[in-house]
2 protein chains.
Amino acid sequence: MDKLNISYCSDKYQYTMGKTFYDLGLQKKIAVFNMFYRSAPDKNNWAVVSGIREALEMISGLGSEDISFFERFIPGDENHEYREYLANMRFTGNVYCMQEGEIAFPGQPVIIVEGPLIEAQVIETPLLCIMNHQMAIATKASRVTRATTKPISEFGSRRAHGPWAAIYGAKAAYIGGCMSSSNIFTSEIFGVPSTGTMAHSFITAFGCSIAGELHAFETYIKSHYGEPLILLVDTYDTLRCGLKNAIKAFLNNGVDDNYEKGFGIRLDSGDLAYLSARCREELDNAGLKKCKIFATNSLDEYIISDLEHQNARIDAYGVGDAIATSKHNPCFGNVYKLVQIGGQGVLKRSEDKSKAINPGFQITYRIIQNGSFKADVTCLRGDVLSRKIEQREAITLRDERDDTKVTTFKEQSYDFKPLQIQMMKDGVMMLKEKTIQEKRNYYLSNLQCLNETEKRIINPHFYKVDISDDLYDLKEHLIDSLVKEIRDFDEPELK
Amino acid sequence: MDKLNISYCSDKYQYTMGKTFYDLGLQKKIAVFNMFYRSAPDKNNWAVVSGIREALEMISGLGSEDISFFERFIPGDENHEYREYLANMRFTGNVYCMQEGEIAFPGQPVIIVEGPLIEAQVIETPLLCIMNHQMAIATKASRVTRATTKPISEFGSRRAHGPWAAIYGAKAAYIGGCMSSSNIFTSEIFGVPSTGTMAHSFITAFGCSIAGELHAFETYIKSHYGEPLILLVDTYDTLRCGLKNAIKAFLNNGVDDNYEKGFGIRLDSGDLAYLSARCREELDNAGLKKCKIFATNSLDEYIISDLEHQNARIDAYGVGDAIATSKHNPCFGNVYKLVQIGGQGVLKRSEDKSKAINPGFQITYRIIQNGSFKADVTCLRGDVLSRKIEQREAITLRDERDDTKVTTFKEQSYDFKPLQIQMMKDGVMMLKEKTIQEKRNYYLSNLQCLNETEKRIINPHFYKVDISDDLYDLKEHLIDSLVKEIRDFDEPELK
């Protein structure tokens, strides 16, 4: 397999647009791009940030291809100078990001890229590709893990969209609350705890018979004694032979409630609520009270929530495709929009005014009282509100779409955290790399600061997400002047 | 970025199961595994095969990690010999695959792996990971491209699940009927034609004004004159300024119906049916009859089909997330099941008998009359029916679930093709690599052999998919003996 140079896993148009910027000498003009999303998948209202590390590595990789690479898709003598420029072009700007494990709300910049126009433009595609994937998976993992207090293992490599998605998706799933992953590389690269049991093919390899199943269980225990032992019991018939064979295999081979490494059975088909209750009963009767029951089989947050409501006797869940492909909503909607160029705020208009993007160089503050997140507000950097917040002065937040909705925080009554942290300065990474466990713990600690009603998997309450008056005014001003200009431009022809 | 060794992008349990096989000396026992799917996404009834090349490369990569790699997830002195075995283990078996661009029906082996047990077992996860991804995308691309006779460009790298999914997904989309891709690497690696236009950020980089939009268009044309020129017209207001600016920019810069490289506008928001009609009218009035209209904006097969029914004046479509993530159904359901071990057929039972897998070493024949695909039948290799088919003798196919449904083909009245071709022999690749264009053409020629009613995107007719009597009998025999064995096993305790 070739090395996958993700920095150039891009759309061709990034480079054709770049050519025009280059021809005009705009390559050093300073641009600010925001990466943000408009609505979270599965009506979740918020999303879990993951992928920042890979995004920054991708940005750092700009300049790693030589000129021959560019010749292949930007041919022609007339492009020689531009190709030389690209081959020598490293990223020299600044990048501000939310941390992995942060909870991001719609419209907030998850990543802000401030740098020379072409450098900042061409990274759009790989940046979105990395971030949309990982935020889809991390957010889905958050939903699935919120459906139960039991541990969830991520098992979905076989359904992920290729090996990259398997490895980095499992990373995102761990940050989003999963307990472990089945993927070898995710464990190797990130130190995510790994889990694994056995497949049906392991059982059938011992011949298609009940005796074969028992033989499979017993030899597995013998060759893995001293490790966690989880036997898959539904190959032929869970209650009539699988469970009985498992109990026999455990007891015949010295595995009982004194076994210290953990042991259990896995149910992968049938009525999991019913089967788990029956299995629990028979395991208890056999004196195997510490034998855990794992459940798998196309599980998602809704099915798990339902099993929990039925008091299924399940100790842990394994989830595959629902998390690995973010099955109900595989397409996470981060976009990357130019918000400022040469110091001037810009925006793309939208027919629906409420969808117009926030222009200018921004920063988002999270307002915290007594360890609870109360509201977020996105400001222009250094604007009136941001200065007040930094001094913890009294502030009033107004809902952008309904100015009768007003919230006031008294001076010194709140704490705050700015959500976008500078992680790259003049092209140099400033990121103090955290461990995957720290990122996961950060997500879990953030989750604790949300209200219970905001964490529901169905119909969660909306959290307060606002913009500052100065940002609002800049946006209104840009839209109004555009509308006026369009009216004046168009009218002569309407007469 | 590290090199991504896809051969080992696997679930840990493949290697823990392997340990038990190794301890029992089963590593050289010959196993046969089938990779197949049970139902196609989006009720499509059939799927497009893609990913075979990468799957075979993955299999060939077994043995490319040294012993230290295995130490990290199979630690312990007691595993030293097993780790040495794994580090030296290359794949030495045979692989039979459908060709890329083949049309595969449920239950048919898309890939058959015949080889020593551990070698054939451990490739399960990466094989499914590659194939599930590419078959999801190729099948979705097939659906989207069947919704119109107009060309479809694949634009979805930014929404794909990471860079691997972007690159190889775009490859699969091309095989499934797309005309081109925006991804640079897909074009580089596979020779897929590349396309690209411009983004809204290109327009807003010239300042948030109508004059800026015109400036953006004109400079783009100047720096790309002699290439295809497609201007994005909806940044501020499609009809009131975008289209007018585009027409002005074309005419001011010598781009008219005599321009040979192709030119057009792109609509990315609003009512595409209405806007395309209005744009067509104004373009025609301006004498730009050859100016093409491209449409994008969260399109999928249903929206495109609807636009076509409204006679939208759209010349080509760009499709992003719907194809790149197989949005409605991201999880393709290929599974990898042991069907034979040491010459004996095996199966995993299912509560639903109709879901029991087909055991034994199989081959699927496609029966063809007058250039039309009439029926498929999966046989045990060398069984009675397969010998008849190979001699083009008279055959009778029986529906597995309803034996009143019978189809007869007279002798010499039909042609046939076996669908699984041997592509690896004793671990050596036999694949004569085809170009991506050949694979796409193969898919398109297959599509022509299906009945129109089988190609509908909603409620397609079912194509006839059967199994041979010998395969049926083996399956029944295995299930019956299992059921009998389970009854006998269970009864003593019920008394």
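## Basis of the model

Residues are numbered from 1 along each chain as its sequence is written, and chains are lettered from A and ligands numbered from 1 in the order in which they are written. Because the model is predicted, local features need pLDDT of at least 70 and side-chain atom pairs count only at pLDDT 80 or more, while totals for chains, interfaces and linings use all residues; side-chain values use heavy atoms, with hydrogens and water left out.

## Chain A overall

Chain A contains 17 helices and 21 strands. Helices (H or I, at least four residues) and strands (E, at least two) are DSSP runs, numbered from the N terminus. Along the principal axes, the C-alpha atoms of chain A fill a box of roughly 85 × 60 × 50 Å.

Of its 495 residues, 63% count as buried. Buried means under 20% relative accessible area, exposed over 50%, and partly exposed in between, with a 1.4 Å probe and protein chains only. Among the contacts in chain A with a separation of 6 or more, 73% come from residues 24 or more positions apart. A contact means heavy atoms within 4.5 Å.

## Two open sheets in chain A

One open sheet has six strands in the order E7-E6-E11-E10-E9-E8, with parallel pairing. Two strands pair if DSSP finds at least two bridges between them. The edge strands are E7 (180-181) and E8 (229-232), each of which pairs on one side only. Within this sheet, E10 (residues 292-295) and E11 of chain A are joined in the parallel sense by two bridges, and A:Ala295 has A:Tyr317 in E11 as its bridge partner.

Another open sheet has four strands in the order E18-E14-E15-E21, and its pairing is mixed. Strands E18 (415-418) and E21 (465-467) stand at the edges with a single partner strand each, so one side of each has no neighbour in the sheet. From one strand to the next the twist averages 25°; axes are lines fitted to C-alpha atoms, for helices over the stretch in contact, and angles run from 0 to 180 degrees between N-to-C directions. Strands E14 (residues 362-369) and E15 (residues 372-380) of chain A run antiparallel and are joined by eight bridges. A:Gln362 lies opposite A:Leu380 in E15.

## Helix H13 of chain A

Helix H13 (residues 301-309) of chain A has A:Glu301, A:Ile304, A:Ser305 and A:Leu307 as its buried residues. Seen down the helix axis, these fall within an arc of 160°, so they line one face of H13. The arc is that of the directions from the helix axis to the C-beta atoms. Their cover includes helix H6 (124-146), strand E6 (152-154), helix H12 (272-285) and strand E11 (316-319) of chain A.

At the start of H13, a side-chain oxygen of A:Asp300 comes to within 2.9 Å of the backbone nitrogen of A:Tyr302. Just after the helix, A:Asn311 has a positive phi of about 55°.

## Helix H12 of chain B

Helix H12 (residues 272-285) of chain B has 14 residues and spans 19 Å from its first C-alpha to its last, close to the 20 Å expected at 1.5 Å a residue. That expected span is 1.5 Å times one less than the number of residues. The buried residues of H12 include B:Leu272, B:Leu275, B:Cys279 and B:Leu283.

At the start of H12, a side-chain oxygen of B:Asp271 reaches to within 3.2 Å of the backbone nitrogen of B:Ala273. Just after H12, B:Gly287 takes a positive phi of about 85°.

## Strand E3 of chain B

In strand E3 (residues 94-97) of chain B, B:Asn94 and B:Tyr96 point one way and B:Val95 and B:Cys97 the other, and all are buried. B:Val95 stands opposite B:Val113 in E5, and B:Cys97 stands opposite B:Ile421 in E19.

A:Cys129 is in helix H6 of chain A and counts as buried at 1% relative accessibility. Its contacts include B:Ser157, B:Arg158 and B:Pro163.

A:Gln121 is in helix H5 (residues 117-122) of chain A and is buried, with a relative accessible area of 0%. Among the residues that A:Gln121 contacts are A:Phe21, A:Tyr336 and B:Ser201.

Key
Polar contact = N/O pair within 3.5 Å; in protein donor to acceptor, adjacent residues only side chain to side chain. Lists of a residue's contacts leave out its neighbours within four places in sequence.
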